[in-house]
Amino acid sequence: MAPKKHQQPLTAFKLRKRSCIHDPLRPPMPNIAGKNQYGDKLYPPDNELRAEFDQYTRESLPAPDQLARLEAKFGLKIKRSVLYQLRKRLSNSTVCKNELDELDMSQAVINVKENDIMGLWGVGQVKQRLAEQGIHISLRECRKILHDHFNEEFEYRFAESRKIKRKPLLAVGPFHKFHWDGHEKLGGQALGMGPIGLPIYGGKDEWSSYLVKLVVMPSVRLARAIAHVKLDVIEEMDYRIAITDVMDMGTETGEMLHIQETLRMDAAPEFSLEKWPSGMRLRSVHNTPIESFWQWKRNGEGHSIHHVLSLGCDRGIFHPNDGIHIDVFNWLWPPLVQDRLDRFHDYHTISLIRRANRMHPEHPHATHFSFQQVCQLLHVIAQSMYVLNW
């Protein structure tokens, strides 16, 4: 047969090579020893391989990781096709070789979820726990079963469902709610300079955002120390108190709440505690008037003070293991920090704020006003509230 014009004639070597590959009648060359260029393979016993493959199935290891594990543990370097042949021969239970029917798989998932009281186990965790028991199902099947029997848990585990739901603040006027909180960004743990710290305690009026108190203290976790701050504020406010004190769940506010309730019942018995509680405990994430203020304090003075203190320790000016240095620090630095806080208090008091997104019933058209103007009206509005029996 003559070659076509567009083809080149086959040489003798190409004809011989093609005939060896495509000739079905030609018997293959014998390889009695069964050796090739890859060398001999020393396979571990079948029981060890079967246990190893079971572990891979429980861990849901992909094929590349299984090959790497076999080479590291047994020195067995094989291809992926040989791995599949071994696993098929040893009859390991896998997701694809699952003998359970749909009813048995559903019951297995339900049995695992009995220990999930809070409903926080997702698809991956349920699948992994089933694999530890030797039950292997696919992610698709596991997700379908969970949706059929525990569909409400998916929305709860979704991150957006746990987002804190904010509500507008509601205060009838000044001296209605004072919010209190401690700030420890300059405390001992935050500074990391030994047994020293400059924690701060502050209070803020909800209606006017007036900064009631900002003081540096040896500790903001002592109930009696917080009670002294409360009494100091009452004296500074011309012996007036708020209707309600709002704070977080800390134990340091117990004495403060007791003082507030006693004085409230004595000064304004016409305000019932059921309608106008003397104190409220909230989670820190809901105590927003004072918690959100700490960001402005940190940007205004806090970061600078922290940097200066850390710089003194890094340069060897202050030694946290020297008792004299600690005494000098406690004598020198609290007044300096308090002076900076007083300056920031004055700046914050005369600053202008916008309340367009936080309207209150008694102030529906608020735009701009200064804290100084609010301070001048505090006493007048408080007396009006008493007369109107709010």
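**Entry 1: α6 and α7**

I began with the handedness of the α6 and α7 pair: α6 passes α7 in a right-handed crossing. I take a crossing as right-handed if the near helix is turned clockwise from the far one by less than a right angle, and as left-handed if anticlockwise. The model is predicted, so local features need pLDDT of at least 70 and side-chain atom pairs count only at pLDDT 80 or more, while totals for chains, interfaces and linings use all residues. Residues are numbered from 1 along each chain as its sequence is written, and side-chain values use heavy atoms, with hydrogens and water left out.

Helices are DSSP runs of H or I with at least four residues, strands are runs of E with at least two, and both are numbered from the N terminus. I then looked up the geometry: the axes of α6 and α7 come within 9 Å and cross at roughly 115°. Axes are lines fitted to C-alpha atoms, for helices over the stretch in contact, and angles run from 0 to 180 degrees between N-to-C directions. The angle makes α6 roughly perpendicular to α7; the class covers 65 to 115 degrees, with under 35 roughly parallel, over 145 roughly antiparallel and the rest oblique.

For contact I used heavy atoms within 4.5 Å. On the α6 side I found Val123, Gly124, Val126 and Lys127, which meet Leu139, Cys142, Arg143 and Leu146 of α7. By class this contact has five nonpolar, one polar and two charged residues. Ala, Val, Leu, Ile, Met, Phe, Trp, Tyr, Cys and Pro count as nonpolar, Asp, Glu, Lys and Arg as charged, and the others, Gly among them, as polar.

**Entry 2: α5 and α7**

I next took helix α5 (residues 102–113) against helix α7 (residues 139–149); their axes come within 10 Å and cross at roughly 70°. The two are therefore roughly perpendicular to each other, and α5 passes α7 in a right-handed crossing. From α5, Glu102, Met105, Ser106, Val109, Ile110 and Lys113 meet Glu141, Lys144, Ile145, Leu146 and His149 in α7. I noted five nonpolar, two polar and four charged residues in this contact.

**Entry 3: α2 and α6**

Helix α2 (residues 46–59) packs with helix α6 (residues 123–132) at an angle of about 160°, with the axes 8 Å apart. α2 and α6 are therefore roughly antiparallel to each other, and α2 passes α6 in a left-handed crossing. Thr57, Arg58 and Glu59 of α2 make the contact with Gln128, Ala131 and Glu132 of α6. By class I recorded one nonpolar, two polar and three charged residues.

**Entry 4: cavity**

I searched the whole structure and found one cavity of 30 Å³ or more. A cavity is a set of points, on a 1 Å grid over the protein atoms alone, where a 1.4 Å probe fits but cannot get out; lining residues have an atom within 4 Å of a point. The lining of the largest cavity consists of Phe178, Trp180, Lys230, Val233, Ile234, Arg240, Ile241 and Ala242. α10 gives the most to this lining, with three residues.

How values were computed: On a 1 Å grid over the protein atoms alone, a cavity is a set of points where a 1.4 Å probe fits but cannot get out, and a pocket is an open set with protein on both sides within 12 Å along at least five of seven lines; lining residues have an atom within 4 Å of a point. Grid points are joined across faces, edges and corners, and a volume is the space filled by probe spheres set on the points.
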